[in-house]
Amino acid sequence: MVATCGVAAAVATPVVAVVFGAAFVPAVPALLLLLPGIACLGVSSVLSSYVASIDIPGSLVAAYFAAFVVNVGLNLALLERYGIAAASVNSTAAYALIHIYLWVLVRGRLRPDAVAARAATAPHA
């Protein structure tokens with residue numbers, strides 16, 4: 001995902017100019033500000049699948065709801081003053097929060113001591 005976002009950043013201006021026209025080239029900086037968030041969201045989708053598979057979907061709801069609240073709050077505070085760039089940065093921040101939360105959650109579940117404790121208490125068939 002990071003590589004894809006890197007390629008998108010490298011070719012954004014000419015592709016936007018050709019596909020959408022020169023009038024849309026001023027939107028490229030907003031796209032570039034959004035790309036780190038897109039990379040975070042891509043990795044988070046994999047982490048979300050894992051978290052859902054280990055039966056803690058409430059954590060997913062909490063993570064995405066917290067990101068929603070952060071995004072809306074930042075948009076209300078910054079959008080009028082900074083425009084589309086603020087929207088991109090705010091979304092990137094919200095996606096990064098989801099990513100960080102899920103990464104910490106998954107890392108905690110995969111610690112050797114946590115894995116051993118779950119294995120020791122799991123019912124055996």
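Biologist: Is F65 buried or exposed?
Modeller: This is a predicted model, in which local features need pLDDT of at least 70 and side-chain atom pairs count only at pLDDT 80 or more, while totals for chains, interfaces and linings use all residues. Residues are numbered from 1 along each chain as its sequence is written, and side-chain values use heavy atoms, without hydrogens and water. Buried means under 20% relative accessible area, exposed over 50% and partly exposed in between, with a 1.4 Å probe and protein chains only. F65 has 53% relative accessibility, so F65 counts as exposed.

Biologist: How many aromatic pairs does the structure hold, and what kind is the pair of F65 and F68?
Modeller: Rings of Phe, Tyr and Trp (its six-membered ring) pair if their centres lie within 6.5 Å; planes under 30 degrees apart are stacked, over 60 edge-to-face, and the rest tilted. The structure holds 2 aromatic pairs. In F20 and F24 the ring centres are 6.1 Å apart and the planes are at 55°, so that pair is tilted. F65 and F68 lie 6.1 Å centre to centre with 40° between the planes, which makes their pair tilted.

Biologist: What separates F65 and F68 along helix α3?
Modeller: Helices here are DSSP runs (H or I, at least four residues; strands, E, at least two), numbered from the N terminus. F65 and F68 are 3 residues apart in α3, so the separation is about one helical turn.

Biologist: What distance lies between the end C-alpha atoms of helix α2?
Modeller: The expected span of a helix is 1.5 Å times one less than its number of residues. The 26 residues of α2 (residues 28-53) should therefore span 38 Å. The computed distance agrees with this, at 37 Å.

Biologist: At which residue does α2 bend?
Modeller: The bend is the angle between axes fitted to the seven residues ending at a residue and the seven starting there. For α2 this angle is about 35°, with a proline, P36, following within four residues, and the bend is at L34.

Biologist: Which residues does T92 contact beyond its neighbours within four places in sequence?
Modeller: T92 lies in helix α4 and is buried, with a relative accessible area of 14%. Contact means heavy atoms within 4.5 Å. Leaving aside neighbours within four places, the contacts of T92 are L33, L34, P36 and G37.

Biologist: Which helices do the buried residues of α2 pack against?
Modeller: The buried residues of α2 include L35, C40, L47 and V51. They pack against α1 (2-19), α3 (57-82) and α4 (84-110).
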